[in-house]
Amino acid sequence: MVGALSTDHKRVGMATMVTALVYFAGGGIMALLIRGELAQPGLQLLDRDLYNQLFTLHGSTMLLIFAPAVVMGLGLYMVPLQIGAGDVVWPRLAAFAYWLYAPSGLIMWAGFAVKDGAARSGWHAFYPLTDAFQQPWMGMDLWIIGVFLSQLAVLLWGAVLLATIARRRAPGMTLLRMPFFTWSMVATIFMVVTTYPIVEGALVALFIDRHATSVFTLPGGAVTWQYLFWFYAHPLVYVIFFPVMAAVAEVFATFSRRRLFGHRTSVIAVLVFAALSSSVWGHHMFQQQDVDNRYFSFTTTSISVPASIEYFAFVATMWGGRVRLFATPMLFALGFAITFLIGGLSGILVASPPIDNQVHDTYVIVAHFHYTIFGGTVWGLVTAIYYWFPKWTGRMLDERLGRWHAGLMFLGTVATFFPWFVLGIFGMRREVADYPDWPGWAAWNLVSSIGSAVLAVSFLVFAVNVWRSLRRGAVAGPDPWDGHSLEWATASPPPRENFATLPAVTSYAPLLDLREAAT
Amino acid sequence: VSRPAAFWGLLMCVLAALGVTVFSGDGQFAAQMFGIGGFMLLIAVVLLATGLGERRAPGPHALPDLSPAAAAAAIGVVLVCLGAAWGLWIVWIGAGVVAVGVGGLIRELRAQRRAVREVREP
């Protein structure tokens, strides 16, 4: 309990990640209930109203409560270590933000317990589904409060991390010598500090609209909500993606025993990536006829350029390296590269308005964003956990269980999400509790539901692995992977002040420099 | 970090200008895009002007261990927000908890400043 009041960035970061993973588990249980209902046509487990609440809170929990916080938790733990800092700037603000965040998901979930149930508007909270006429009950208010608090926490963590990167870098750690993960946090924080205040204001305006006076009920208000929400929510997808993508890049470098190829180019690419991703929000509004579809199609398609540069860096790093292919972090990194690639390529297709016109609001869209968010964020996060778990705990995760986890997770990912492309092309609409028993629909839905159960089993294997390794895992030592960046230059887990002494920093891979100098 | 911030702000302004000139971006589009580009440029200028974007001079600094006051202040804010939905009485309780938390934070910060001063000037 006393530890929960800590201001140590490592404890705050770990507490944030653990809390976020608890919310992830809750969101996952909601997903299993949804897939259970959709396994066969007809209504079996849930009624339509409860289904609407579940898909709303599943999406909201995963995208708004779990994902942004877990990447910030990762940043809070790792960034000071990577830049050779003893602590973050404003440690109390980081702790303050954790206590804003911790109850935010519970507040949102409390909607299930109050009269008339939780929010039913989808995670995007489209107006007027959220107004006081459509949803007069408290569950919607609790959704607004939960999202407001969690995003406020992310904004504050972003400020803490940016100030830390600016002020606390070790001697010799110039900006271009910062590891790629830290650079990805810089790009992430730029998006957070510019777009999160907008959604905070929009949520306050929505609350006022519901309780005091007209805001979005004015002419054009519903579209204005979408402008404001998507202006935040599209960069959000990259906020939850960049840090784990960079963690994957570090895994590719470490497990190929080569420094990251094109570090400087990758840094510029991630900044361009962030700018483009903040200028594509209108592609969510192609059907509104209220934005310039050509512009948003252009910017959305252009994102493939910096994304390709990052992928090229992955491949070029491995090329000619002595790759440790079957180490579990590497297996998850490869899984990330494959599953996110499917999400990214399908994104190029739906960035074209004529194609989007055909597949809008179908399961093609659901498949696309699950491949990007599960294939990107969750696969990347698990990669990061397998990579940095020894640093956090001083113990190694079990490799055999890790391989089972990777195999089951890959099978579950493909089996759950691929059928949605087929179902979407058949014409199955998203966010509906039931569907007609037309040829192929029941079979593909059943495959997807079985896949979701496989995914759940894979995470049970992961939980067992973490539990066993914490108790009986092999002792890791400071640098079990022959890492490249400064976090591997200190004990595992690091002491309160992080470093007793720091090696000289002459590049973005200082420990690799030392090893190369010694041979 | 003022240079990357300026670079990113300029990129946003270029993308905004592209939308307004080559495409048909409207007033709301321009306000949002130039708004965040300009905001990031402003951050870069402030960081540059105040030196806050530069590395801090080495020297002893505090490593606070626990901060119950930070937790109290945050929980107070949560209660105030919940009160917006559940009633004014929770807002008042939350405001009280925030006051206690802020008072505790002031006390913690003063103690920390004193401790750092004693180390620097024994």
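# A tour by salt bridges, rings, patches and backbone

The count of salt bridges over all chains comes to 16. The model on screen is a predicted one.

**Stop 1: the salt bridges of A:Arg496**

Select A:Asp8 and A:Arg496. These two residues form a salt bridge, and their closest N and O atoms are 3.4 Å apart. A:Asp8 sits in the segment before helix H1 (9–38) of chain A and A:Arg496 in the loop between H16 and H17 of chain A, so the bridge ties together parts that lie 488 residues apart in sequence. With a relative accessible area of 7%, A:Asp8 is buried. A:Arg496 is buried too, at 19%; this value falls in the buried class because the class takes in residues under 20% relative accessible area.

B:Asp65 counts as partly exposed, at 48% relative accessibility.

Which residues are joined into one network by salt bridges that share partners? Select A:Asp8, A:Lys10, A:Asp87, A:Arg496 and B:Asp65 to display it.

**Stop 2**

Move to A:Glu399 and A:Arg403. This salt bridge has its closest N and O atoms 3.7 Å apart. Both residues are in helix H15 of chain A; because they are four residues apart, about one helical turn separates them. A:Glu399 is partly exposed at 24% relative accessibility, and A:Arg403 is partly exposed with a relative accessible area of 40%.

**Stop 3: aromatic pairs**

Over all chains, a search of the whole structure finds 58 aromatic pairs. One of them is A:Phe126 with A:Trp230, an edge-to-face pair at 6.0 Å centre to centre and 65 degrees between the planes. The pair links distant parts of the chain, 104 residues apart: A:Phe126 is in the loop between helix H4 (104–109) and helix H5 (138–167) of chain A, and A:Trp230 is in helix H7 (residues 221–239) of chain A. A:Phe126 is partly exposed at 22% relative accessibility, whereas A:Trp230 is buried at 5%.

Next, select A:Phe181 and A:Trp388. They form an edge-to-face aromatic pair, with 5.1 Å centre to centre and 70 degrees between the planes. This pair also links distant parts of the chain, from A:Phe181 in helix H6 (residues 180–211) to A:Trp388 in helix H14 (residues 363–393) of chain A, 207 residues apart. Are these two residues buried or exposed? Both A:Phe181 and A:Trp388 are buried.

**Stop 4: two surface patches**

Switch to a surface view and select A:Ile338, A:Ile342, A:Phe410, A:Val414, A:Phe418, A:Phe426, A:Trp444 and A:Val447; together they make a nonpolar surface patch of about 620 Å². At least two residues of the patch come from each of helix H12 (328–350), helix H15 (399–426) and helix H16 (441–472) of chain A. Which helix gives the most? H15(A) does, with four residues.

For a patch of another kind, go to chain B. B:Arg107, B:Arg110, B:Arg113, B:Arg114 and B:Arg117 form a positive surface patch. Among them, B:Arg110 lies in helix H4 (residues 88–120) of chain B and counts as exposed at 55% relative accessibility.

**Stop 5: backbone details**

Return to chain A and show the backbone. The peptide bond from A:Tyr127 to A:Pro128 is cis, with omega near 10 degrees; A:Pro128 is in the loop between H4 and H5 of chain A. Another cis peptide bond joins A:Ser492 and A:Pro493, with omega about -10 degrees. A:Pro493 lies in the loop between H16 and helix H17 (510–518) of chain A.

Then select A:Glu431, a residue other than glycine whose phi is positive, near 60 degrees. A:Glu431 lies in the loop between H15 and H16 of chain A and is partly exposed, with a relative accessible area of 28%. Finish at A:Asp482, where phi is also positive and near 60 degrees. A:Asp482 is in the loop between H16 and H17 of chain A and is partly exposed at 38% relative accessible area.

Definitions and conventions. Residues are numbered from 1 along each chain as its sequence is written. Chains are lettered from A and ligands numbered from 1 in the order in which they are written. This is a predicted model: local features need pLDDT of at least 70, side-chain atom pairs count only at pLDDT 80 or more; totals for chains, interfaces and linings use all residues. Side-chain values use heavy atoms; hydrogens and water are left out. Rings of Phe, Tyr and Trp (its six-membered ring) pair if their centres lie within 6.5 Å; planes under 30 degrees apart count as stacked, over 60 as edge-to-face and the rest as tilted. Buried means under 20% relative accessible area, exposed over 50%, partly exposed in between (1.4 Å probe, protein chains only). Patches are made of residues with over 30% relative accessible area and no salt bridge: like charges are joined within 9 Å, nonpolar side chains (Val, Leu, Ile, Met, Phe, Trp, Tyr) within 5 Å. Accessible areas come from the Shrake-Rupley method with a 1.4 Å probe; for residues, only the protein chains shown count as cover. A salt bridge is a side-chain nitrogen of Lys or Arg within 4 Å of a carboxyl oxygen of Asp or Glu. Lys and Arg count as positive and Asp and Glu as negative; His and the chain ends are not counted. The place of a charge is taken as NZ of Lys, CZ of Arg, CG of Asp or CD of Glu.
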